[in-house]
Amino acid sequence: MTTTSHPQDILLGAQAAAPVLPVCDHFSGQPERMRKSLQLQAQMTAELGRCVFDVTLDCEDGATVGQEVAHANAVAALVREHAAAHPDARIAVRVHALDHPAFVDDVARIVGQVGDKLTHVMLPKAETVDQVDWVARALDRAYGPRLPLHVLIESPAAVQQAFAIAAHPRVQSISFGLMDFVSAHGGAIPASAMGVQGQFEHPLVLRAKLEIAAACHAHGKVASHCVVTEFKDTAALTQAARQASQRLGYTRMWSIHPAQIRPIVAAFAPAADAVATAAAILLAAESAHWGPISHEGVLHDRASYRYYWQVLQRAAQTGLTLPDNVRRWFAEDGQPVASHC
């Protein structure tokens, strides 16, 4: 009789969880910085044995007015060049908003030329699920129906549509656009709510963040937290990342400066004792053929096993060294690898 002992196969409920993505999404729009960001990704991937952050090449904020076509061409050329040398690189692109004249060119010149080398496309200023559906079809015409779509929600009206947007089958992740969200309130929200402390205190901002996180978890999508503009304040960034991951349910966060990447990855990584506990519980569960067990006087069954499996997954994707006896459940790049016996 053939059986399986791999948590990914046994804990079927874990299959309904959001896709496993790097916990950091680094945005870069200036030509030299885009190139350096991709080089840093390659260096850290070699260092840690896995890719711990995506690089999103930015057309919306990266292109100067009147130079949108030239910028799109430069992005496509850079993607093609870097992917040739680093075929496993994780490269995405943020196109212009749907109502911007450059949107069509971005899709044609980037997605149409190097769509096979992109991990996803980021759509800013999405307001409705109909817009998301229209953009998905545009990507299909330019490349094909395999390119995931990440959506940036930046207005009160869009927050109201978060659950519908999250339910769209092509949407893989939703991000929160803090500064545009605050600006959309016509001065009703103070500028302090865009700061590293105020964004976790103002009721309307906090409500929007929670709504987006809840929508993502309801539909198995990745909730991606907004930027921290105080990029030189590492302590503030770390505090914000921990609040996003531990209090608000976000599993991914934006970076806008290379110095933010490692602190974000570290803040989203589970603590060493949590990893050790997860390993001990899952190994005991495996020995019990995945039936209920008692660990340190606490009952565990498949409901808690799913949680602890996700702890190990997060440890792997953030580059932590896993306990020796559970490494067999993961490939060298940190992804789960099925094991049948």
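I start with Ile-153. Setting aside neighbours within four places in sequence, Ile-153 is in contact with Ala-158, Val-159, Ala-162, Ile-165, Ile-174, Ser-175, Phe-176, Gly-177 and Ile-212, where contact means heavy atoms within 4.5 Å. This is a predicted model, in which local features need pLDDT of at least 70 and side-chain atom pairs count only at pLDDT 80 or more, while totals for chains, interfaces and linings use all residues. Residues are numbered from 1 along each chain as its sequence is written, and side-chain values use heavy atoms, with hydrogens and water left out.

Ile-153 also belongs to the largest nonpolar core, which has 74 residues; together with Ile-110, Val-121 and Phe-176, Ile-153 touches the most other members. By nonpolar core I mean a set of buried Ala, Val, Leu, Ile, Met, Phe, Trp, Tyr and Cys residues joined through side-chain atoms within 4.5 Å. Buried is under 20% relative accessible area, exposed is over 50%, and partly exposed is in between, with a 1.4 Å probe and protein chains only. Helix α9, residues 203-218, gives the most to this core, with 7 residues. Helices (H or I, at least four residues) and strands (E, at least two) are DSSP runs, numbered from the N terminus. Apart from this core lies another of 22 residues, including Ile-281, Ala-285, Tyr-308 and Leu-322.

Now to helix α12. Its 16 residues, 272-287, reach 23 Å from first C-alpha to last, close to the 22 Å expected at 1.5 Å a residue; that expectation is 1.5 Å times one less than the number of residues. Among the buried residues of α12 are Val-275, Ile-281, Leu-282 and Ala-285. The cover over the buried residues of α12 includes β9 (293-295), β10 (298-300) and α13 (302-317).

Which residue with a positive phi follows α12? That residue is His-289, with phi near 55°, in the loop between α12 and β9. His-289 is exposed, at 69% relative accessibility. Lys-125 likewise has a positive phi, near 55°, and sits in the loop between β4 (120-123) and α5 (129-142). Lys-125 is partly exposed, at 34%.

Lastly, the cysteines. The structure holds 0 disulfides, a disulfide being a pair of cysteine sulfur atoms within 2.5 Å. Cys-51 is buried, at 19% relative accessible area.
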